[in-house]
Amino acid sequence: MTEFRYSAAERCTWCSMRAVIPTEADADQIVAAAEQRLLKYRCPAGDGWHVSYPAAEHAMLIDMR
Ligand SMILES: [Zn+2]
């Protein structure tokens with residue numbers, strides 16, 4: 001399994017520069033690492049997957065390095 005580095009991810013210009021997560025498996029890993037505080041969703045522009053922070057979209061980002 002490849003290790004996806006969230007901090008080094010490409011950004012999606014369609015989605016407010018959210019990090020692009022290439023595969024659903026990587027998105028699942030990030031959600032699990034964040035103890036389910038994140039929601040994954042498929043990019044509407046076809047750039048893979050993104051995660052959102054439903055509880056605190058404006059709060060500081062979780063450090064996932
Ligand atoms: Zn997107």
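What share of contacts in the protein chain between residues at least 6 apart in sequence join residues at least 24 apart? It's 43%, where a contact means two C-beta atoms, placed from the backbone, within 7 Å. This is a predicted model, so local features need pLDDT of at least 70 and side-chain atom pairs count only at pLDDT 80 or more, while totals for chains, interfaces and linings use all residues. Residues are numbered from 1 along each chain as its sequence is written.

**Layout**
- The protein chain has one helix and four strands, in the order β-β-α-β-β from the N terminus; these are DSSP runs numbered from the N terminus (helices: H or I, at least four residues; strands: E, at least two).
- Buried residues account for 15% of the 65 residues in the protein chain (buried: 20 or more other C-beta atoms within 10 Å of a residue's own; exposed: 12 or fewer; partly exposed: in between; C-beta atoms placed from the backbone).

**Helix 1**
- In helix 1 (residues 24–33), you'll find D26, A27 and I30 buried.
- Those three sit on the same side of helix 1 because they cover an arc of only 100° around the axis, taken from the directions from the helix axis to the C-beta atoms.
- The buried residues of helix 1 pack against strand 3 and strand 4.
- On the face turned away from that buried side sit the exposed E24, A25 and A32.

**Strands 3 and 4**
- Strand 3 (residues 39–42) and strand 4 (residues 49–52) run antiparallel, joined by four bridges; pairing takes at least two DSSP bridges between two strands.
- K40 stands opposite V51 in strand 4.
- The two strands form a hairpin with six residues between them, and G46 in the turn has a positive phi of about 85°.
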